[in-house]
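Hi everyone, thanks for coming. Let me put the structure up, and then I'll walk you through a few residues.

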Amino acid sequence: ALQFRAISTVYAQGTPHAHGRLLPEPMLALHSSAEHPAQFVFDRGQLGGPSGLLAFVASDSQGERAQTEQRVLQQAHAQLRLPGLQVVQTVVEKRATFACTPGLRRPGNRVLSGLWAAGDYTEGPYPATLEGAIRSGLHAAQQITGLRH
């Protein structure tokens, strides 16, 4: 019953400044909208990757790949003052996360007697996040440990 949402990562190459960076920090939050779809950008050169490579992440990505790429390039120019970036690759994970909608009923951790599930999709206080997956795993482990004593 879960409705899935896509996450797109647009990798774009630019010419780094004299200090080898394109961004002042390894990661920046961006202002997103329908016309500017990315919420975050990572300077891969500052994170041990190729110099001048940026990764723009757009959650709940909608539309065609080419349209997303064009909007991200416009966003980079408008918000980061980075004209002239060239798209290298775009990865679209169509079922990357689920929609957190009001009244959403997610499956519980207990599948059968003695069988427990864990993951970001199971019932819990967090949406599909790493934190949600970790807490789900801890809860399942606590249940298993409690059953063995």
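Let's start with T122: its side chain makes a polar contact with the side chain of S136, at 2.7 Å. A polar contact here is a pair of N or O atoms within 3.5 Å; within protein, one must be able to donate a hydrogen and the other to accept it, and residues adjacent in sequence count only if both atoms are side-chain atoms. Before I go on, this is a predicted model, where local features need pLDDT of at least 70 and side-chain atom pairs count only at pLDDT 80 or more, while totals for chains, interfaces and linings use all residues. Residues are numbered from 1 along each chain as its sequence is written, and side-chain values use heavy atoms, with hydrogens and water left out.

Back to T122. A polar atom of its side chain also lies 3.0 Å from the backbone oxygen of G119. So is T122 buried or exposed? T122 counts as buried because its relative accessibility is 1%; buried means under 20% relative accessible area, exposed over 50%, and partly exposed in between, with a 1.4 Å probe and protein chains only.

Now, the phi angles. R81 isn't a glycine, yet it has a positive phi of about 55 degrees. R81 counts as exposed, because its relative accessibility is 66%. D60 is another non-glycine residue with a positive phi, near 50 degrees. With 35% relative accessibility, D60 counts as partly exposed.
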